[in-house]
Amino acid sequence: MLVKSYGSAIIGIDAQTITVEVSASPGVEYAIVGLPDNAVRESLFRMASAFEQCGYKKPGKKVIVNLSPADIRKEGSAYDLPIAIGILAASEQISAERIGNYLLMGELSLDGTILPVKGALPMAITARDEGFQGFILPRENAVEAAVVSDLKVYGAENIRQVTGFLNGEIALEPVTVDTREQFFNSLNIFDRDFADVKGQEHVKRAMEVAAAGGHNILLIGAPGSGKTMLAKRMPTIVPPMTLQEALETTKIHSVAGKIGSDTGLLTKRPFRAPHHIASPASIVEGGGNPQPGEISLTHNGILFLDEMPEFPRNVLEILRQPLEDKRITISRVRYTIEYPCNFMLIASMDPCPCGFFNHPTKKCSCGQGAITRYMNKISGPLLDRIDMHIEVTPVELSQLSSDRAGEPSEKIRERVIRARTGKRNGLRRKYSIPMR
């Protein structure tokens, strides 16, 4: 018997539907074809144990599984569920009548539990666009996929729930998410505030201008002057994302597996701060099997490079093209993938190796040659792409001990939004662009 089920493959930050064709005929051979990787081939062993634990039988027949289109490499364990359902239907242990109506994805454990997968959101978007009635996936990914409208999303805990649902024996309730309410309810919730910053009025004003214009900035100052503290509060004053930007950002984090089980839509601009020992691959595309790197995970957000001269020269030079083009193209022998990376760069550095050059109270111990070599760690073309260079001077003790709170981020953000829009639009009116 020949049965077709449907899964999905992630290509870049988009998904493509994969047809899982399962043929069961007399014989004893088991094979998976269609350019599977080792994780996909190993699914037969996981399924054999899952079938036994859930009361099904491993078919005593010749089973051939074809993953179509066969010229796209299939990677990961997320194909376990569509392959398992196809095998059970082809061996006539479950009904095949409703299988074609649903997209299926999920990794199987040895006891039949369905484990989370990456890329649930782009898969759900593709399922909706291609006319599937619903999407069956692990329960942990259901809220993430339910962001997509006009698609029924079912979260399942084990393979027995899936087979019972497809046989019409049990009812799974579709997961629903009020995307707009979730989005607007968390627009202004932050755990940091510019009111915590004492002094540094000229720096805060410069950062306000940078937020209004989307400018890249470099903070130069002695250790302890507040560079990192200021940078971490920048997300509280930049304008909130639109719904469309939130969807784009969530797709990227979904593909990278960075979405929590209780999170539907990312509502805050990303703030990423990689350590200076980061490799070029982790910054750009995350390894041999392309995954979004740090600059793509920062799409529509802020990338913070603390102690910028300590980063390897080749890592810093990688940023030159993405800062201009707002996209990064990853080329391999078989394929080319493009990731968006429209981010705002904030970098910080000391003025010299010891950190006290031009300090008002402490003496610098560095020679002029050492200072020159330190500053030359950042190339001229990269510095040219950083619009604002801001000197951060230490705050006097009298200001630090003052009880007077600084201006809150909420007021600064209102001015930034007015600067960008040119008028006093309310947040809800301005950021109510239809998402789908």
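In the predicted model, Pro 235 counts as buried, with a relative accessibility of 10%. The residue is found in the loop that lies between helix 9 (227-232) and helix 10 (243-255). Beyond its neighbours within four places in sequence, Pro 235 is in contact with Phe 190, Phe 271, Ile 302 and Arg 413. For Phe 190, the separation from Pro 235 is 45 residues in sequence, whereas the C-alpha atoms of the two residues are 8.6 Å apart in space. Phe 190 also takes part in a contact with a charged side chain: the charged end of Lys 268 sits over its ring, 5.8 Å from the ring centre.

Ile 302, another contact of Pro 235, belongs to strand 12 (residues 302-305). Both faces of strand 12 are covered, with Ile 302 and Phe 304 buried on one side and Leu 303 and Leu 305 buried on the other. Strand 12 pairs in the parallel sense with strand 11 (residues 271-272) over two bridges, and within this pairing Leu 303 is the bridge partner of Arg 272. Strand 12 is also joined to strand 15 (residues 344-349) by four bridges, and these two strands likewise run parallel. In strand 15, Met 344 stands opposite Ile 302.

A separate open sheet consists of three strands in the order 5-8-9, with parallel pairing. Strand 5 (102-104) and strand 9 stand at the edges with a single partner strand each, so one side of each is left without a neighbour in the sheet. On average, and with direction ignored, neighbouring strands of this sheet are turned by 25° against each other. Strand 8 (residues 134-138) pairs with strand 9 in the parallel sense over five bridges; in strand 9, Tyr 154 is the bridge partner of Ile 136. Helix 6 lies across strand 5, strand 8 and strand 9, and runs at about 140° to strand 9.

Five aromatic pairs are present in the structure. In one of them, the ring centres of Tyr 154 and Phe 165 are 4.8 Å apart and the planes stand at 45°, so the pair is tilted. The pair links distant parts of the chain, since Tyr 154 lies in strand 9 (residues 152-156) and Phe 165 in helix 6 (residues 159-166), 11 residues apart. Tyr 154 is buried, with a relative accessible area of 5%, and Phe 165 is buried with a relative accessible area of 5%.

In helix 2 (residues 43-53), the buried residues are Ser 43, Leu 44, Arg 46, Met 47, Ser 49, Ala 50 and Phe 51. An α-helix has 3.6 residues a turn, so residues three or four places apart point the same way. Just after helix 2, Gly 55 takes a positive phi of about 90°. A further charged residue, Lys 58, lies over the face of Tyr 30, at 4.9 Å from the ring centre.

Terms used: Residues are numbered from 1 along each chain as its sequence is written. This is a predicted model: local features need pLDDT of at least 70, side-chain atom pairs count only at pLDDT 80 or more; totals for chains, interfaces and linings use all residues. Side-chain values use heavy atoms; hydrogens and water are left out. Rings of Phe, Tyr and Trp (its six-membered ring) pair if their centres lie within 6.5 Å; planes under 30 degrees apart count as stacked, over 60 as edge-to-face and the rest as tilted. Buried means under 20% relative accessible area, exposed over 50%, partly exposed in between (1.4 Å probe, protein chains only). A charge sits over a ring if NZ of Lys or CZ of Arg is within 6 Å of the ring centre and within 35 degrees of the ring normal. Two strands pair if DSSP finds at least two bridges between them. Axes are lines fitted to C-alpha atoms, for helices over the stretch in contact, and angles run from 0 to 180 degrees between N-to-C directions. Contact means heavy atoms within 4.5 Å.
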